[in-house]
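Colleague: Before I use the labels on this entry, I would like to know what each one rests on. Can we go through them in turn?

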Amino acid sequence: MPDMAHVGNRWSRHRRAEGGHRAKQGGRVGRSGWRGAHNAHASQPAGKSLETWEVPCEEVRNSDATLQLRSGIQMPRFGLGTWQSQRGGECKRAVAEALRAGYRLIDTAQAYGNEVDVGQALREARLHRNEVFIVTKLNSREHGGSHAAAALKTSLSRLQLDYVDLFLIHSPRGGFLLETWDSLIELRNAGLTRAVGVSNFGAQQLMSLQQAGRELPEVNQIELHCFWQQRETESLCNELGIALMAYSPLARGSLFGATPLAQLAQEKACSEAALCIRWAFQKGFIVIPKSVNPQRILANIAALRGPGLTPREMQGHADALGRGSQQGETRDYTWKPPPSHD
Ligand SMILES: NC(=O)c1ccc[n+]([C@@H]2O[C@H](COP(=O)([O-])OP(=O)(O)OC[C@H]3O[C@@H](n4cnc5c(N)ncnc54)[C@H](OP(=O)(O)O)[C@@H]3O)[C@@H](O)[C@H]2O)c1
């Protein structure tokens, strides 16, 4: 496990190197970010630009790599997923362990019921607010009217934060997409979230925002792993400048041992989970594996520090798994949204 002094030094170095950037962002948020605390903002480390989709493996050894969103915000490329991390302790322990291990992005959602745990772990970690990037998502029951604003304020209270870093529409399933999207933009303009995005949006929903003349999301969080590569959505998001956040990057562990990835893992003397993480990271996605197991929390971040997949392995092996899934050899368990109500 990396010791915290090292992690702290690394972040301090980045902050010194990048002094100017957050001054602009800080103007809009204008607060400490921790509820009731009074720390000054500092800047975040520089990252890869959104255009850099295929990342050479020698450049991705650092788990603190970031990606620059369209607005200039630096977003960590790796973080902890918390879906099914149970409230009341399990989720709090997982987030605390992850923060100790060097994770700087935590992905939660109103629907997960664990924002209170995330908030407690953050508070107890005693990190500077701008050293962590917190993502939460609007519950599909809260679309339309002024529901989004009330729901985000409730999330902030549960998380003990003054703002989140990224607020996503969890799914288009809740309908009223234009109205809800407009609410998210207003919340961002009011400083309650630094960036806004969507999740589970396909081409149809993304294009409907564009055709309505709306500002496009900065991030689309969708199911993405080497077994389910969603190449059409990937290329549309690349074209529109929307960063892709890969959820279920381990395919929930359900395919381990059942595909040619097992052979590649054996050849490379690593785990299939590590290869899944490397594949998604080297594709340029933001990767958020979930674990509540301390060893696996450490192993998952360590996957970014070991040797990567060579271009040949990326194209010849891992990409082939995706071709398999499109031929129906593996299950497509991606939730398909119904047509939008707008
Ligand atoms: N926007 C959305 O609609 C949406 C949907 C799904 C997920 N997400 C987000 O994406 C995150 C990740 O996706 P996910 O939770 O569906 O699945 P995942 O990260 O692909 O897989 C998690 C499963 O793999 C196990 N695991 C973790 N590390 C492992 C390792 N090194 N070796 C073997 N097994 C390992 C975990 O068990 P242990 O916990 O016991 O380690 C858990 O059962 C979620 O937690 C959530 O934050 C978003």
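Modeller: What follows takes the labels in turn, for a predicted model.

Colleague: Why is N220 called buried?

Modeller: The cut-off is 20 or more other C-beta atoms within 10 Å. N220 has 27 C-beta neighbours inside 10 Å, so N220 counts as buried.

Colleague: Where does N220 lie, and what does N220 touch?

Modeller: N220 lies in strand β9. Leaving out residues up to four places away in sequence, N220 touches G197, V198, S199, F201, C237, I242 and L244. I242 is 22 residues apart from N220 along the chain, with 6.5 Å between the two C-alpha atoms.

Colleague: What makes β8 and β9 a pair?

Modeller: Pairing requires at least two bridges between two strands. Strand β8 (residues 193–199) and strand β9 (residues 219–223) are joined by 2 bridges and run parallel, so they pair under that cut-off. S199 has Q221 in β9 as its bridge partner.

Colleague: Why are β4 and β11 called edge strands?

Modeller: The open sheet has 8 strands in the order β4-β5-β6-β7-β8-β9-β10-β11, with parallel pairing. β4 (80–81) and β11 (286–287) each pair on one side only, and they are the edge strands.

Colleague: Which residues of the shell are closest to the ligand, and which helix gives the most?

Modeller: The shell has 26 residues, and the closest are G81, L250, A273, K290 and S291. Helix α11 (residues 294–302) gives the most, with 3 residues.

Colleague: How does the shell divide by residue class?

Modeller: Around the ligand, 10 residues are nonpolar, 12 polar and 4 charged.

Key. Residues are numbered from 1 along each chain as its sequence is written. This is a predicted model: local features need pLDDT of at least 70, side-chain atom pairs count only at pLDDT 80 or more; totals for chains, interfaces and linings use all residues. A residue is near a molecule or strand if its C-beta atom, placed from the backbone, lies within 6 Å of it. Helices (H or I, at least four residues) and strands (E, at least two) are DSSP runs, numbered from the N terminus. Ala, Val, Leu, Ile, Met, Phe, Trp, Tyr, Cys and Pro count as nonpolar, Asp, Glu, Lys and Arg as charged, and the others, Gly among them, as polar. A residue is buried if 20 or more other C-beta atoms lie within 10 Å of its own, exposed if 12 or fewer, and partly exposed in between; C-beta atoms are placed from the backbone. Two residues are in contact if their C-beta atoms, placed from the backbone, lie within 7 Å.
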